[in-house]
Each structure stands twice: as C-alpha cells, then as structure tokens.
Amino acid sequence: MTARIGVVTFPGSLDDRDTQRAIRLAGAEPVALWHKDKDLKQVDAVVLPGGFSYGDYLRAGAISRFSPVMGTVIEQAKSGMPVLGICNGFQVLTEAHLLPGAMLGNNHLHFICRDQKLRVENTDTAWTADYTAGQEIHVPLKNMDGRYVADEHTLDMLEAEGRVVFRYLDFNPNGSLRDIAGITNEAGNVVGLMPHPEHAVEPLVGTGRTDGLPFFTSILKKLVNA
Amino acid sequence: MSRTPLDTVEHAAATPDVELPWAELGLKKDEYERVVEILGRRPTGAELAMYSVMWSEHCSYKSSKVHLRQFGEKAPQSDALLVGIGENAGVVDVGQGYAVTFKVESHNHPSYVEPYQGAATGVGGIVRDIIAMGARPVAVVDPLRFGAADHPDTKRVLPGVVAGIGGYGNCLGLPNIGGEVVFDACYQGNPLVNAGAIGVMRHEDIHLAKASGTGNKVILYGARTGGDGIGGASILASETFDDAKPSKRPAVQVGDPFQEKLLIECTLEAFAEKLVVGIQDLGAAGLSCATSELASNGSGGMRVTLDDVPLRDSTLSPEEILMSESQERMCAVVEPEKVDRFLEICDKWDVIATVIGEVTDGDRLEIFWHGGKIVDVDPRTVAHDGPVYERPYARPEWQDALQADDAGKLPRPATGDELKDQVLRLVSSPNQASKSWITSQYDHFVQGNTVLAQPEDSGMIRIDEESGLGVAIATDGNGRYAKLDPYTGAQLALAEAYRNVATTGAKPLAVSDCLNFGSPEDPAVMWQFAEAIRGLADACQQLGTPVTGGNVSLYNQTGEAAIHPTPVVAVLGVIDDVARRTPVAFQEEGQLLYLLGDTLEEFGGSAWSQVVHDHLGGLPPKVDLERERLLAEILISASRDGMIDSAHDLSDGGLVQAVVESALLGGKGARLVVPDGLDAFTFLFSESAGRAVVAVPRSEELRFNDMCGARGLPVTRIGVVDGDAVDVQGEFALSLDELRTAHEGTIPALLA
Amino acid sequence: MARVVVDVMLKPEILDPQGQAVQRALPRLGFEGVSDVRQGKRFELEVDGPVDDAALARIHELAESFLANTVIEDFTVKVEEVAEAGK
C-alpha cells in the first residue's frame, strides 16, 4: 500500500510536475489536482507547489488563495490533513492564514537562485520526521518574494512553540526575519518553506544533492503507518 | 469616429491619386512602386501597413538574404536535420524518437530603449517560436553584450535586462542554463540582447506554420490586441486617415509572462489532442506576419474579419491592429469540427480565443473591416517576395593597419611577480570575472532536468528520465576576434561553441546563429557581414553541423560607429546518458591535469591584450577545424568511457583563466608546471583555439594517453589537482581565497 | 457611476526596500530634502450605481480580505466623484 499525495496546479504553477516526480521517487503516488476543482480526489496529503500562480499579481499567492481547490484544502488542513507549501505554496498558505506571517519581496529586490544551506529545527512535523534535529542540509532556493515577516509577538510565539522548522544558515538570502526559511502550524500538519526540496531529490540534476528527499519519505511513512 | 471613408480595396481603385505616407513607414520609393505594380493599383492603407512591416529589414532580411543563402548551399549532409531554415525554428533528431528545436534571436534595440521590457519580450518571443514548432520549451540561454562595465549607462541597461530576462523566464518555469555576458565600449549605445530557447517533442509532434484545408478556421488566441509597438502604423492612422487620433502610440511592448505560461500549457494541450493543422506565433509585424505567412505557406488563401480580433484598446484602426506587436498571441489553423474542443481548452486555461477567419480555396489573403474589404493581396508577395538587395561591400581601408598592429609586440610580463599581478588583473576584469551575480537572478532548477548550467561550458538538460538522454547547448561569439578578421572570427565562434558542447561530453549536432552587425548601408559593415557568413557557412560545412535557423540584427550602430561584428553561434549537442557528463570543476585531489592541443604565441584580440594593454590589433587565433573535430571526439570518448572527471575548454583568457575557474568551482587548487618548449607567459595567456584542459584520474592515465596518441592529438601533462592555491612552479602562487575575492567581487562591486 | 479608490500601504514597521531604493536615488537626480519614501498600491474601482453605505461596506470587506494583506498592509477607502466621461 502506498499513499496518494495531491499536487495542485494553479495557473502559473511551475514546479508542479517536479513535485510529482519527487513524490514518485519517494515511493508515493502523485495525484494531479486542478485549481478549479473542489474535489481533492481522496488524496492523503496535498502539496502546493512553487511558481508564480496568477503571475504573483496583487501579491504572491493572494489570488490562488481564493481558488475553489483552496476552499477544500483549508477545510481539510484544519482537520489534520498534511499540507506542504513550497515557495509560492508557502505564500499561498500565509495568504490563506493557515500559517502566520506574510511573504514580501526580497530585501535586495532581485530574484535569487542558489544552493541554500538550512538547519532543520523541528523534526516533529508530518513532513520532517526523516530528518534529525539540527541536521544541516542544502536545498535549492529560488524566489522573488521570499522575505518572511511577522510581528514580534508572532515570531516569539513561533520560537517558543518550536514552530520554526527551517532556518537559513551562513547567508540570509532574502531578509527573512530571524533567518526563518520555513514554519509549521500548531498541529504540525501544515508546513511551508521557501526553498525547494523537490529540486534536491536526484544526484544527477539540480545541485546534485538529495537533501530534499526526506520531505517526501517522511510523509509517506507517516501516511502508510497511520 | 472617422470622417474619412474607409480605405477599402474598391476605394483605393477609385482614388488612384491619394498620396500615402510610404516613406514615413520606412519604404523606399522603388519599393512602394513595386507594391503598386504587384497590386495593379495603389495599396489601401491596410495593405501599405502590411507591406511596409513585412518588407522591413527585420522581417524580410532584404540586405542579408543574398549572403544567408550560403547556409543552405553549403549545408552539410546531416541525418539529424528534420526541419531546416525557413520555419519558426529548426528541428533536429536527437534519437529515441525525440526531436529538439532551438533558435537564438536578438532583441537589441528594444532592450536599449526599455531594458526590462525589451529583454523580457525577447524571451517571450523566442519561446513562442519554440512552441509554434510543437515543442515544450525546456530551457533558455541569454548571450548578452553591454557597453563598458564602468560606464554609467551600463548600470541602467544591464540590471534592467537581467531583471527582465529573469522576470519573464523565471515566471515561465524555464531554466536558464547558459549564455554569456560581455562588456565592450563598442556596445555602449547598442547592447546586444540575444535570447535562445530549446524545446523538446516527439518526431510526430512537429508542427509547421501553414494554413491548409479549405474551410479550416483561423483562431487568434492569447492576449488582447493593443497599441504596442506600432509607432509607424499610427503615422498612417493619424496623419492620413483620421486626424483626431493621438499621433504617437508607445513603441515599447510590455510582456505578461503569466499570460505566456498559460499560452504554453494550452497550446501543448491542443497539440496533444491533435487539434492543430498549422500554427504561427505573433511576433514582429503581428497579424500582418502571421496571416501572410500562414496563408503563403499553405495550399489555399485566407479570409480574415478584423472586427473579430479582441482588442484592449477600442480606438485602434485596422492598420494598427494589423501592425500591433502586442505580446503573448498565437494564431492556429483548426478543422471546423475541432474548433469547439480547441476553444474549450483555451477556456480551461483562461486564454481568450476567437475565430477570426478561415482558409479559402483561392490564393488571396483577404481582410475585412466593418464589412469592407481592406486587404486583397497574394500573401506570397507580402511574406516572401520582398525586396532583395545586393548591398555594396568593401574591405575597410583600416583593416590592414588593424591587422598589422600585432599584439605579439606588446610588452610581456618579465617576472613571476608580474605574471601573478597580470593573472589577478585578468581574472578580476569584468569580462573574465564571475557572472554569478547575474546568473543567480535566473532560475536554473525548475523542471527538474538541469544537469549543467552556467558557468559550465555548456548547459545540459535531461530529456528522458529513463534512458538519461540529454541535450547540451553552448553559445559563443567574440566580437574582438571578428573585428580583426570577420571570416576567422565567425569560425572561432562556431569552433568555441562546438568545443564547449563536446567538453561537457555531448556530440555537436546543429547550429543556430544570431548575427549582430552595424548598418548594411556601410560597405565596410557589409563586408564584415559577408565575410562572417562565408566563414560560418564554410566551417559548418566542414564540421558537419548544419545551420537550422537564426536571426540577423543590423543597424547596431551609433552615428558612424558600428559595433564590433558579433556573430553569436549556438551549437546544440546530444548526449546518450547525462550521467556521463563532464563538469568544469576539479573533482578530486591528485588527478592529473592534461592540456590537449597546441599552444602558439597567439595574442591578437586576446583578453590579456585588452585587460593589460587596452589593445585590439593583429590577427585572431588560427582555426583548424579538423583539429576541433578530433578534440571533440577525444573529449566525448573520454567522457563516455570515464577517463576524465573534469574538463574545461580554453578560450578568452587562455589556460590560466580556465584553471582558475575549475579550481574555484571545485574548491581545489592546482600545481602547474610550464611544459618544455613554452614560456610561462604564452602557456598561461595564449588563446590558441582547439584546446582544453582535462583532469584524469591516475588509474586512467595510461588509457587516456594511449587514446590521444593513437588518434594523433597532442597532449601535454601540465600538473596536478592539489592544495588550495593555483601554483605555477617557479613563477608564482595565488591562494584560492585571493583568486575568489578577485574573481567574484568585480561584478557586484560595479553593478549591485 | 462612481470611482472608489483603495490605497494600500505597507505598515510603517514593515521594511520597504523598493521605497528605500527610490529614496536613495533621489539625491542622484538632484532632489534633496526627502527623508523617506514608501511605495504603495492604488486600486481604482469603477462602481455601477450609487456608492451607498452598503456598497462601501462591501468594498471595505473586499479590501480587507483581498486587496490588502492586513498582516503587512494597511488600507484606506475613499470615494472619488468622476466627471461624466466625455472623451
């Protein structure tokens, strides 16, 4: 038995096929979901992929957040379904208020694409169990609007509750407060991050590393053992 | 609105004496007279609009055509070529049922006027060319040339261009895997923004731009048509036909990458369901080009109702609609029973699609507006029978003096310290410095198939996950070499791109080019152009790599001063299994460094002569195409059989530049020994062609040497991968830290 | 017909690098004496019919839930009478 993991395609999604590939390489079954459908095709978990949905017009993720599929995703996420938002998906999750804070333009005003070093701060989420606490990994980062912001109170709360899942190491690529690269909700089922784990799953392509694969094996194990 | 009567065909026939602003639209008197002769009457305003844009230099290649023919006449026999010159882009067979289409185009002038949008729409245009062949775009490359790196205007143009390429390409989900960034004062008022793209399809999915089958519908889909890029047509509209109109429309086209992304997905879905008979993208000359090209390449005629074109600006005149260069539009020919499904797919992707006409059984292109026929032409006369000029050309009188000014006579470094100082100056000079500040603004990873990207010698994309089949692309061009000798310079551009593809382990298959030159009305420029084409065509013939298409950009000059002749050559290659690719970076300490090829005292046009002496003179390095072919064979075999772990081609900057790059990328130094028979300076800085440096694991040393020896390729052991410095024994050592600071600091300091 | 204008600005405490870039460019262009620039967005909504309290309330809701992200942005709503378009 395996797990069915949905990947939503919004108009302007770019890394949807790559995410499906990563899910497949991890041994799970990727299921394509369409933004206009409310139906999640009985998937066990959902990934909101990277890209520039709706051209990132208005604000990154702001228009997608109101698409029919998101209505169901929000509802199911609140009742515990694992949801991962990568890059644009993270932006959608903050716009949908499934995760606190917001994403703004990089402080240097440029798009940035690099092999980014991260520290895994929380291995209790649905998507990070296969990492070890404090593990340092390299995952490609590529974004225009990657600056994570939240008010001091929220940031303190995230820190106190261990909800900062990933932190940028050595170099903060976008001016994110407290070097935050990814966070989770209180229950640990919803995770969002700016770097792209789906681009670090094969030794031959991308940066040649496979540090992103544990995202997808983590969720597979969790779902299969559930 | 308009007080004047609609200028229909009938009206034109009845009013032969009406003066039309043909000169303002860029037509010469004899060209206008030729239009009148073709039609047997004066053209309508709409017809004049079409002829004037389609007969422009940009669309008709009227100055370059007589020379470009050589690419066909001298085309080598190639089994790989599936679609050659003349279509939106060439198509090459790469095996396993896959076909690859690729092309490079220029967007030079728009990028100078408005760097962000100019560069962005350049990417958009080349990507639509790729989609129009039936392929999914898989990567882009951007060969760029700017004025002096420290000129204030470069700081305006370059960041805008780079942001525009990134803003558009990143948003389309296309990895940017290669290209170049070159600085030279000659490009000050004429930056070269060339854009290349690659697409992949199955053989059976190749589509062509032709309208066939009487009754088939012509569907315009994508963005609405607005007043973009029609400065010329508005003259026609405002001053002759409707005085109340605003007299100037913006010449700058604005791109919407989100719309283009939807266009890609919806077009590919329509292809997959076999709904499309013929297809054409709308680029330069907009609907004028798309309708006349589709109609003239098909079997019948075409009737179009212009009133049905969805508009962004309802005040547009029919002439303006025909000439509008609004971006993100395509035109498809679809059988009537498949129209509903086609429109359904467009709707799924929120793309506006409208039937604007149909294929007729005649041979005329007829266009209607408000019920009147405003165009009635033989489409071939618009699209293909434009003027052809035999422009006079003559070797410029200064050429001899330039070539006589031998770079070999320049003072050379005499001591190890001087060598060290000049190496540092070289690797930190804007042209030789790391461009990562620029390339990090491009997405390299999207689509998950990027095997190699800049600063590797060629970009490489996996196209089949199971078999590992991949393609590689490199673009090169050295305007300094071409200025010294355009014939040789063009061949060196090809040789370098060919070598770069082979260095990564791929077999070179085919060529696309972007020929950037000054004014064709200057006989000296025309001579450079003619020589460059002759050189490129001869070299393509000898290397067996046909030119599949490309682009000519003329009038790149400010006043009397033309840019250096800059033929940019893209070579596409194939690799059976991307697992065998060879990277630039040193992999392991202890591996042996070999120099392949012959090193001569060749400094004309070299980076050293520019950086140290600000000199351009003498002759460029000699070209030996048979040697290039042999070197490529060795590099490909060595890669396939696992004999080398890294390789780097030698070109501008010479051996020392290549070794420094491999060392910095790998984080491992090198100890070098100057080989017998060479002085340290020539060893480090010569730019002799046909060379590469490879790192060979000790276990492979014998086998590798035997292979080179058996095939007759000169091979010289020059050192070993070792330590954390580049150490030229007996001369100098530079630590990697020092080199990294020099190499990586320059561009951010100038531009960030 | 009336026009309702929604102005959206980053909250004062949120870093605005675009505004800063503009501000830094001003002295180069010979504009002195501008100590801060912040960049915002302006939405012009052409509304059919009268803009009564109910319509304004709906626009306010729209601005709050969609046009602005109140985690980082503030907004204002104002009505602008448009002269009957005679162009």
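Predicted model: local features only at pLDDT ≥ 70, side-chain atom pairs only at ≥ 80, totals over all residues.
**Notebook: Asp142(B) and the cysteines**

I began with Asp142(B), which is buried but has no salt bridge; its nearest side chain of opposite charge, Arg145(B), sits 10 Å away. Buried here means under 20% relative accessible area, with exposed over 50% and partly exposed in between (1.4 Å probe, protein chains only). A salt bridge needs a side-chain nitrogen of Lys or Arg within 4 Å of a carboxyl oxygen of Asp or Glu. For charge, Lys and Arg count as positive and Asp and Glu as negative, while His and the chain ends are not counted.

Side-chain values use heavy atoms, without hydrogens and water, residues are numbered from 1 along each chain as its sequence is written, and chains are lettered from A and ligands numbered from 1 in the order written.

Next I asked what the side chain of Asp142(B) does pair with: a polar contact of 2.8 Å links it to the side chain of Asn176(B). (That is N or O atoms within 3.5 Å, one able to donate a hydrogen and the other to accept it; residues adjacent in sequence count only if both atoms are side-chain atoms.)

Then I turned to sulfur and found zero disulfides over all chains (cysteine sulfur atoms within 2.5 Å). Cys59(B) has its nearest cysteine sulfur, that of Cys289(B), 5.7 Å away. For Cys331(B), the nearest is also that of Cys289(B), at 10 Å. Cys331(B) counts as buried because its relative accessibility is 0%.

Last, confidence (pLDDT, from 0 to 100, per residue): chain B averages 92, and 97% of the residues score at least 70.

Definitions and conventions. pLDDT = per-residue confidence, 0-100.
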